[in-house]
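Me: I have a new model open and would like to learn how to read its features one at a time. Could you take me through it?

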Amino acid sequence: MQGGSDVRWSLGPGRVPGGCALTGHDPAEGRESTFWGVASVAVAVSLIGTIGTAAELGADPLSGFATGAWRGVIGAAGLLMVSTLRGQAPWRYRLPVRWVALGAFGVAVSQLLFFEAMARTGVAVGTLVGIGVGPLMAGVVDWLAYRSRPDGRWLIGVAVALAGVALLSGGAEEVVWSGVVLAAVAGCGIPCQGFAMQQLSRDRPLVTTVATVMTAGSVVMLPTALGSWSDAFDSVESASTVLYLGMVTITLAHSLWAAGLKRLSLSVAVVVGMLEPAVASTLAMTVLSEPATLALIVGICLVIAGVAVTSLSRTAARRG
């Protein structure tokens, strides 16, 4: 059993526990670290952005709750297997209850409530509220935890990216406030699991950190998943769909996202996550042959521009 007190650090110049560079001593190193952090998160959310296209192309016998539950359970199982094969299984390290519980809450609510929110108030409002709340919540977390107040570039980047998400979401004929509340809670889930991963990564490997948080969340979702077993695996198409959603958009994508969190502040990492609807809209136009409207094209450009501006923020690099 390997506890936190048993871990021995070997620190080089300019390094702190958790593998984070002290970027203040070397601006060039800080910019390079930020670049790779943004790149990791961008690839991760690009994979997550394929969810809608994969579900549309595959069989669709599952409800929103069941789809989210199976995606989380299969993805967590993949992460657990990888960490175990590497000799870095979560149970070999101490499990701080507050961070594990926070991560489990974030995983469960972001997986389950977002689908229900869209069912109640529509894709447009649900997406805008869910994605819009995330960066604001992440900014508050960074401010409270690290006394890192977002600067002007971060605020401008968030505003531009939110404008792009609003265009990508389209118009809404009716707003159902219960759906808005669920979307807001779901949007808080991403910063919660991200912050929990950052705290756990201080004394354990990256893959172990992600596996710990995702496995804890999958325990909450397991009853929902087991209740839809027959629908998920009644055909090759449906089974391949849930396996893709779990292994690619959770196991692989969340590993990349956590790698970005090692280098970025939480507030910037979550803003980069706004690329997800841009990727989803691009795939809808190119793969599913949906109409390429001016609003979609402008929205995609605004999201990319907002992420680019945010990545130049002086608070972009994660602090030790």
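Me: What share of the contacts in the chain with a separation of 6 or more comes from residues 24 or more positions apart?

Reply: Contact means heavy atoms within 4.5 Å. In this chain, residues 24 or more positions apart account for 87% of the contacts with a separation of 6 or more. Before we go on, note that this is a predicted model, where local features need pLDDT of at least 70, side-chain atom pairs count only at pLDDT 80 or more, and totals for chains, interfaces and linings use all residues. Residues are numbered from 1 along each chain as its sequence is written, and side-chain values use heavy atoms, with hydrogens and water left out.

Me: How many helices and strands are in the chain?

Reply: Both are DSSP runs numbered from the N terminus: helices are H or I with at least four residues, strands are E with at least two. Here the chain has 13 helices and 2 strands.

Me: What does helix H10 look like, and where is its kink centred?

Reply: Start with the span: the expected value is 1.5 Å times one less than the number of residues. H10 covers residues 236-261, and its 26 residues reach 35 Å from first C-alpha to last, close to the expected 38 Å. For the kink, the bend at a residue is the angle between axes fitted to the seven residues ending there and the seven starting there. In H10 a kink of about 30° is centred on Ala253.

Me: Which residues have the most contacts inside the largest nonpolar core?

Reply: A nonpolar core is a set of buried Ala, Val, Leu, Ile, Met, Phe, Trp, Tyr and Cys residues joined through side-chain atoms within 4.5 Å. The largest one has 59 residues, and those with the most contacts inside it are Val41, Met197, Met214, Leu266, Val272, Leu275 and Val303. Apart from that core lies another of 8 residues, including Leu113 and Val129.

Me: Which residues is Val38 in contact with?

Reply: Leaving aside neighbours within four places in sequence, Val38 contacts Leu264, Val272 and Ser311. Val38 lies in helix H1, residues 27-48, and is buried at 15% relative accessible area. Val38 and Gly273 are 235 residues apart in sequence, yet their C-alpha atoms are 9.6 Å apart in space.

Me: How many salt bridges does a search of the whole structure find?

Reply: A salt bridge is a side-chain nitrogen of Lys or Arg within 4 Å of a carboxyl oxygen of Asp or Glu. The search finds 2. Arg94 pairs with Asp203, with closest N and O atoms 2.9 Å apart. That pair links distant parts of the chain, 109 residues apart: Arg94 is in the loop between H3 (64-85) and H4 (97-121), Asp203 in the loop between H7 (177-200) and H8 (206-226). Asp203 also pairs with Arg204, again with closest N and O atoms 2.9 Å apart. Shared partners join Arg94, Asp203 and Arg204 into one network.

Me: How exposed is each member of that network?

Reply: Arg94 is partly exposed at 42% relative accessibility, Asp203 is buried at 9%, and Arg204 is buried at 5%.

Conventions:
Buried < 20%, exposed > 50% of the residue type's maximum accessible area, 1.4 Å probe, protein only.
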